Amino acid sequence: MTSPGLDAVLARIRAAETAAGRPAGAVALLAASKQQTPATLRATAAQGQRDYGENYVQEALPKMAALVDLDLSWHFIGRIQRNKTRDIAAHFDWVHTVDRLDIAQRLSAQRPASRAPLQTLIEVNVSGEASKGGVAPAAVPALALAIGTLPGLRLRGLMSLPAPEDDPRRQRAAFAELRQALEALADPTLDTLSMGTSADLEAAIAEGATIVRVGTAIFGARS
Ligand SMILES: *Cc1c(COP(=O)(O)O)cnc(C)c1O
C-alpha cells in the first residue's frame, strides 16, 4: 500500500524549490496526520516519511504508542490547551503553536530532563483574524526573547496558518509577512519557517518556508 499522494507532494515541493532557486531538500515535509490511522502512517513511513503533525493530544498518544517501533518525529500543530501541556512536553519532538508565555513556561517546566529540549515555534497570526490562534507580528520579538530563556525549550522559528486565499499573490503576501517577522528577529539560530499547506505550499516555498504542513494532498480529503 503506497500513497501516490506522498510522491506527488514531494514532487511539488521539489518543483517549488527549483522555481524559487532554492536547493533540493531545503524544505521538509510535515505530514499533517489528523484523522489518519496508524496503518496509514505506517505505510507512508515505509515510503520514507518520518515527520508527522498532530492537532489533538488524545488522538496522537495512541498513534504514537502503535508506531513506537518506528523512528518517527512528532510535531504538535493544534491549539494548545493548558491541561495538555504535560503530555505535549512528554511526548512530542516539536511544538509549532506556542503563542503565550505562560504556556511556554509550562512546556519548559514539564519537559522531561531525559529528553532534548522541545523544538519550539511561535505561531503568528499574519492575517489578523480575531478567531485564530497566534500572536500579532508586533508581539513576536518580546515573546521570542522570553522563550529564549526557557531551558526546556529550543526556539527554532515561526509558524503560521493564514486564512485560505485563492490568489497566489495574496498567499505570498501573508507568507512574506511571516518571513519578515523572522528576519526582524535577526537571530541566525532561528532557522525555521513552518508555513504552507496542500493549497498553498508553492507560495510558501517561494517566500522561504523550511517546513510545509500537508494533509489532504497526501492522504485525501478528511471527513
Ligand atoms: C490540517 C492542518 C494542515 C494541513 O492542511 P491540508 O489542507 O490538509 O494540507 C496544516 N496545518 C495545520 C495547523 C493543520 O491543522
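Q: A nonpolar core is a set of buried Ala, Val, Leu, Ile, Met, Phe, Trp, Tyr and Cys residues joined through side-chain atoms within 4.5 Å. Which members of the largest nonpolar core touch the most other members?
A: They are Leu107, Ile122, Leu158 and Val212, out of 57 residues in that core. Helix H7 gives the most to this core, with 6 residues. Another core, of 7 residues, lies apart from it and includes Ile77, Trp94, Leu121 and Met159. This is a predicted model, in which local features need pLDDT of at least 70 and side-chain atom pairs count only at pLDDT 80 or more, while totals for chains, interfaces and linings use all residues. Residues are numbered from 1 along each chain as its sequence is written, and side-chain values use heavy atoms, with hydrogens and water left out.

Q: What does Ile122 touch, not counting residues up to four places away in sequence?
A: A contact means heavy atoms within 4.5 Å. By that rule Ile122 touches His96, Val98, Val135, Val140, Leu143, Ala144, Ile147, Leu155, Gly157, Leu158 and Met159.

Q: How do you know that the span of helix H7 agrees with its 18 residues?
A: Helices (H or I, at least four residues) and strands (E, at least two) are DSSP runs, numbered from the N terminus. The expected span of a helix is 1.5 Å times one less than its number of residues. For H7, residues 168-185, this gives 26 Å, and the end C-alpha atoms are 26 Å apart, so the two agree.

Q: Which elements do the buried residues of H7 pack against?
A: They pack against helix H6 (140-147), strand E6 (153-159), strand E7 (192-194) and helix H8 (201-206). Among the buried residues of H7 are Phe175, Leu178 and Leu182.

Q: Why is Asn125 called buried?
A: Buried means under 20% relative accessible area, exposed over 50%, and partly exposed in between (1.4 Å probe, protein chains only). Asn125 has 8% relative accessibility, so Asn125 counts as buried. Asn125 sits in the loop between strand E5 (118-123) and H6. Its contacts, leaving aside neighbours within four places in sequence, are Lys132, Gly133, Gly134, Val135 and Pro137.

Q: Is Gly5 buried or exposed?
A: With 11% relative accessibility, Gly5 counts as buried. Gly5 belongs to helix H1 (residues 4-19). Gly5 and Gly220 are 215 residues apart in sequence, yet their C-alpha atoms are 7.6 Å apart in space.

Q: Why does Ala186 count as exposed?
A: Its relative accessibility is 65%, so Ala186 counts as exposed. Ala186 is in the loop between H7 and E7. The phi of Ala186 is also positive, about 45°, although Ala186 is not a glycine.

Q: How many residues surround the ligand?
A: There are 13, and the closest are Lys34, Asn55, Ser198, Thr216 and Arg222. A residue is near a molecule if one of its heavy atoms lies within 4 Å of it.

Q: Where does the side chain of Ser198 lie relative to an oxygen atom of the ligand?
A: An N or O atom of the Ser198 side chain is 2.5 Å from that oxygen atom. A polar side-chain atom of Lys34 lies 2.8 Å from an oxygen atom of the ligand. Taken alone the ligand exposes 380 Å², and the protein buries 87% of that (accessible areas come from the Shrake-Rupley method with a 1.4 Å probe).

Technical notes. Polar contact = N/O pair within 3.5 Å; in protein donor to acceptor, adjacent residues only side chain to side chain.
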